[in-house]
Amino acid sequence: MAVTRTPLIAGNWKMNLDHLQTVALVQKLHWTLRDAGHESDSVEVAVFPPFTDLRTAQTLIDADKIPFALGAQDISTHDSGAYTGEVSGTFLAKLDCRYVIIGHSERREYHAETDEVVAAKVQAAVKHGLVPVVCVGETAEDLEKFGASAVPAGQLEIALAGLPADADVVVAYEPVWAIGSGQAATPAQAQEVCAKLREVVARVVGEEAGVRTRVLYGGSVKSANIASFMREPDVDGALVGGASLVADEFAAIIRYQKHVGV
Ligand code: PEP
């Protein structure tokens, strides 16, 4: 089954930048890519600002016809009701969000999100027509005890259970020890785990989904290492944290196809 997977470079801003700073970053990123002659069809770009910035980003992207997809950093398992502080997929869809990050290790760690909560959020996203970016990854301790792929594969199996065969999902392999540490996984490790995660998608969702689903690597990605990950056959893009907050650096990551040796 031959399928071309459009690479996806996604910027997770985490709890950084207010709505005014959002305008500045989105515009600067857009102008930098445009001035560099970047062909927007070659790589999909998505930005994931905080909830309070989404409306601003949506308006700007729409008004200036900026070729970036918009995503949220979390979603409620509920549609509406007495859930103070939660944000429904209905609202995200109304803001033209295409993606939503689910199961980021920071939510698993600081908000006690279990695999079951992650699975419920994946269902909520799909129900509202959003594409879940399902984050999985092992801690340093897991790596030592179980190797690299066992924990992320187990997390993904639970997250995807019950999805229809035509579900549109993105998987992000993010070793917890690599996030924000400056110490990325090796391209070989990323490839090994991403290939295993693709097998999980094929087994749980369906063979065709395994072929078309994009599997990203995340964890200390920067312009100096992105090309080495993107050379791997099962790595279809990157989820980028810190480096996505700097327009020139994120633009250089997006333009990895122009790096020497790619
Ligand atoms: C992340 O938090 O998703 C991430 C990959 O962060 P960083 O790129 O800063 O390691």
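I began with helix α8 (residues 187–204): its 18 residues should span 26 Å at 1.5 Å a residue, and the end C-alpha atoms lie 25 Å apart, which agrees. The expected span is 1.5 Å times one less than the number of residues. Helices (H or I, at least four residues) and strands (E, at least two) are DSSP runs, numbered from the N terminus.

This is a predicted model: local features need pLDDT of at least 70, side-chain atom pairs count only at pLDDT 80 or more, and totals for chains, interfaces and linings use all residues. Residues are numbered from 1 along each chain as its sequence is written, and side-chain values use heavy atoms, without hydrogens and water.

I listed the buried residues of α8, among them Q189, V193, L197 and V201. Buried means under 20% relative accessible area (1.4 Å probe, protein chains only). G206 follows α8 with a positive phi, near 150°.

Next I traced the barrel. Eight strands close it in the order β1-β2-β3-β4-β5-β6-β7-β8, with parallel pairing. Strands pair if DSSP finds at least two bridges between them. I found four bridges between β5 (residues 131–136) and β6 (residues 170–173). C135 stands opposite A172 in β6.

Then I looked up H104. It sits in the loop between β4 (99–102) and α4 (105–110). H104 counts as buried because its relative accessibility is 6%. Its side chain reaches the backbone nitrogen of E106 at 3.0 Å. Leaving out residues up to four places away in sequence, H104 touches N12, K14, C135, E174 and I179; contact means heavy atoms within 4.5 Å.

Definitions and conventions. Buried < 20%, exposed > 50% of the residue type's maximum accessible area, 1.4 Å probe, protein only. Polar contact = N/O pair within 3.5 Å; in protein donor to acceptor, adjacent residues only side chain to side chain.
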